Amino acid sequence: MAHPFYDKVIRALQECAVECSICAVACLQEREVARMRDCILLDLDCADLCRTLIGMLGRTSEYSRELLVVCAKLCDQCADVCEKYKEMEHCVRCANACRECAKVCRDFSLT
């Protein structure tokens, strides 16, 4: 079981992974799917890293702190791309989850 200290970051990572997965699938359903390529790829990368990091935090891996920094950068980049599609609710939700996750990851990487 993960140390209770990590509860907040694990919740943010879970929320981000879910929203990124939902966004990727929704983007694949858009009429102009080729236009959504960068969004889809970043969604998938972000979701994968968030899920991986949850496992690593759960076992208190010595690499967790470094990956929190990388995850914050990836979440910010994913949010930047999703924010270009303000007309798409799934992208707005994803961007919000990514921004929150990036903030929490940065905060925890400093502790």
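The expected span of a helix is 1.5 Å times one less than its number of residues. Keep that in mind for the opening stop in this predicted model.

**Helix α3.** Select residues 64-82, the 19 residues of α3. At 1.5 Å a residue, this helix should span 27 Å, and its end C-alpha atoms lie 26 Å apart, so the two values agree. Now colour its buried positions: Ser64, Leu68, Cys71, Ala72, Leu74, Cys75, Cys78, Ala79, Val81 and Cys82. An α-helix has 3.6 residues a turn, so residues three or four places apart point the same way.

**The core.** Next, select Val9 and Leu13. Within the largest nonpolar core, which has 42 residues, these two touch the most other members. Helices α1, α2, α3 and α4 are the elements that each give two or more residues to this core. Centre on Leu13 and show its contacts: leaving aside residues up to four places away in sequence, Leu13 touches Cys50, Leu53, Ile54, Leu57, Cys71, Cys101 and Cys105.

**The cysteines.** How many disulfides are there? The count is zero, with a disulfide requiring two cysteine sulfur atoms within 2.5 Å. Select Cys16 and Cys98 to see one case: Cys98 holds the cysteine sulfur closest to that of Cys16, but at 3.7 Å it is too far for a bond. Cys16 is buried, with a relative accessible area of 0%. Finish at Cys82, which is in no disulfide; its nearest cysteine sulfur belongs to Cys39, 3.5 Å away. Cys82 is also buried, its relative accessible area being 1%.

Key. Residues are numbered from 1 along each chain as its sequence is written. This is a predicted model: local features need pLDDT of at least 70, side-chain atom pairs count only at pLDDT 80 or more; totals for chains, interfaces and linings use all residues. Side-chain values use heavy atoms; hydrogens and water are left out. Helices (H or I, at least four residues) and strands (E, at least two) are DSSP runs, numbered from the N terminus. Buried means under 20% relative accessible area, exposed over 50%, partly exposed in between (1.4 Å probe, protein chains only). A nonpolar core is a set of buried Ala, Val, Leu, Ile, Met, Phe, Trp, Tyr and Cys residues joined through side-chain atoms within 4.5 Å. Contact means heavy atoms within 4.5 Å.
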